[in-house]
Amino acid sequence: MSLPELLRQLLISAGGTWAFAILFHAPRRSWWACALTGGAGWLVYCLLTAAGASSVTASLVAVLPLTVLCRAFAVGLRMPITVFLFSGIFPLVPGAAIYYTAYYFIRGENALFVQKGAEAFKIAVAMALGIAFVLSIPLPRRHRRSE
Amino acid sequence: MDARRQATPPPAAGEELMNLVMRAGKLLLENGAEVFRVQQTMDIIARSYGGQDVNIYVLTNGLYCSMEGQRTRVAYVPEATTHLGRVTEINALSRRIAAGQVPLAEAIARLDAIAALPPTPAWGQVAACAAGSACFAMLFGGLWVDVGWALLIGAVLQLFLFGAARLGLNKIFTKLVGAGLVAALAVVLPCRGMDQVIIGCLMPLTPGIALTMSIRDFINGDYLSGTIRLIDALLIAGSIACGVGLVLVGAGNLLGVVFA
């Protein structure tokens, strides 16, 4: 994947995440950080899929740096981590897989329908595992209350 | 601030404290905080003002709180929206309370101010929904010409969500009809890449928040609340798929739209 294309993907995903941060009434001074987490997650996802990883693997790996970034922002800006996590994960939410599940279902292509449905579910599980893994690592005691 | 050092607060202050704790908990839960945060924040506030023998139990849609010398309180919180600004402010307030910097009366006044924090103005939400839809339509491979359509459909979707909230439609039905509306508009309007437009505009409906909340609840050991959220996420995803599916079937049969 070329560099301008990567940059374009980063900007668009950050823009989308920014819009969602507004939609969830996140505090104004957190918007840039939300956009950055969303963009970073999507960038890693793009790089991995370009390198040949499946969407499930890519989601699992991409959510790791994303959640690390969320925790860093939560401590740094002294806000609940949910502020960044809610909007930041949206580029990785399997909206496309949900759509194609419905699409193949009505077209009667049962094999593809099951495949897409399973993919949506697997992506969700992969994201859950990744987030859970990063959130389970304890913080040093002095930072513990700041998330 | 002496209240922290008092062994037991006087009964009047006790009642006020109880009101404050319940108010903070309800506000947090209503505005999209996870169960663990609600529990922890209520606990911190109660103990900071010298509440004795404090026990708090929080669920996705309700909370219980008991305190020495006070009636046990129960609150039912059926409808939760997401207003992260309020959650952030209450979080900051609880941190200052824990540091002993806020007298009880001031904390009550501050909580009133936080409850009155306005949501993003309606036009801002419409613009955000439109912009978000357009960005995601592009992200999933949409063409430049479709960005305009995604903007339009995203704006209409947010207007529909406002209307549904005003009518008090339940969540599942709202998502189902919202997804159907998106698909119907994308079919009727001359979009080049119908799939991408639909996917982009579905993103505001997808259960990203329910999924994240569910994960957080599970990690914190709140399995019951986590299960409720997980069911929520699955039902939302299912109803979106149904909404889109029904419209595409209808379009195929009535209008003879041929899917590529």
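How many bridges join β1(B) to strand β2 (residues 62–66) of chain B, and in which direction do the two strands run? In the predicted model described here, five bridges join the pair, and the strands run antiparallel.

Taken together, the three strands of chain B make an open sheet with the order β1-β2-β3 and antiparallel pairing. Its edges are formed by β1 (55–59) and β3 (73–76) of chain B, each of which pairs on one side only. From one strand to the next the twist averages 5°.

In a regular strand, side chains alternate between the two faces of the sheet. Helix α2 (residues 35–48) of chain B lies across β1 and β2 of that chain and runs at about 155° to β1(B).

The sheet is set in a chain whose secondary structure comprises ten helices and three strands. In sequence order, the elements of chain B follow the pattern α-α-β-β-β-α-α-α-α-α-α-α-α. The C-alpha trace of chain B spans about 75 × 30 × 30 Å along its principal axes. Of its 260 residues, 51% count as buried. Among the contacts of chain B between residues at least 6 apart in sequence, 68% join residues at least 24 apart.

Chain B is divided into domain 1, covering residues 11–115, and domain 2, covering residues 122–255. The centres of these two domains of chain B, taken over C-alpha atoms, are separated by 33 Å. Their contact draws six residues from domain 1 of chain B and ten residues from domain 2 of chain B. On the side of domain 1 that touches domain 2 in chain B, the residues are three nonpolar, two polar and one charged.

Helix α6 (residues 144–167) of chain B contains 24 residues. The distance from its first C-alpha to its last is 35 Å, close to the 34 Å expected at 1.5 Å a residue. The buried residues of α6(B) include B:Trp149, B:Leu151, B:Ile153, B:Leu157 and B:Leu161, together with B:Asp146 and B:Gln158. Also buried in this helix are B:Ala150, B:Gly154 and B:Ala155. The buried residues of α6(B) pack against α5 (122–139), α7 (171–188) and α8 (194–202) of chain B. After α6(B) comes B:Gly168, with a positive phi near 75°.

The two chains also meet: 41 residues of chain A are in contact with 45 residues of chain B. On the side of chain A that touches chain B, the elements giving two or more residues are α1 (3–23), α4 (82–88), α5 (95–107) and α6 (110–136) of chain A. Helix α5(A) supplies the largest share of this side, with ten residues. By class, the residues on the side of chain A that touches chain B comprise 30 nonpolar, eight polar and three charged.

Helix α6(A) has 27 residues and should span 39 Å at 1.5 Å a residue; its end C-alpha atoms lie 38 Å apart, which agrees. Among the buried residues of α6(A) are the charged pair A:Lys116 and A:Glu119, as well as A:Ile123, A:Met127 and A:Ile131. A:Ala120, A:Ala124, A:Ala126, A:Ala128 and A:Gly130 are likewise buried in α6(A). Packing of the buried residues of α6(A) involves both chains: the partners are α3 (55–77) and α5 of chain A together with α9 (208–219) and α10 (223–255) of chain B.

Terms used: Residues are numbered from 1 along each chain as its sequence is written. Chains are lettered from A and ligands numbered from 1 in the order in which they are written. This is a predicted model: local features need pLDDT of at least 70, side-chain atom pairs count only at pLDDT 80 or more; totals for chains, interfaces and linings use all residues. Two residues are in contact if their C-beta atoms, placed from the backbone, lie within 7 Å. Helices (H or I, at least four residues) and strands (E, at least two) are DSSP runs, numbered from the N terminus. Two strands pair if DSSP finds at least two bridges between them. Axes are lines fitted to C-alpha atoms, for helices over the stretch in contact, and angles run from 0 to 180 degrees between N-to-C directions. The expected span of a helix is 1.5 Å times one less than its number of residues. A residue is buried if 20 or more other C-beta atoms lie within 10 Å of its own, exposed if 12 or fewer, and partly exposed in between; C-beta atoms are placed from the backbone. Domain bounds come from an automatic or database domain assignment.
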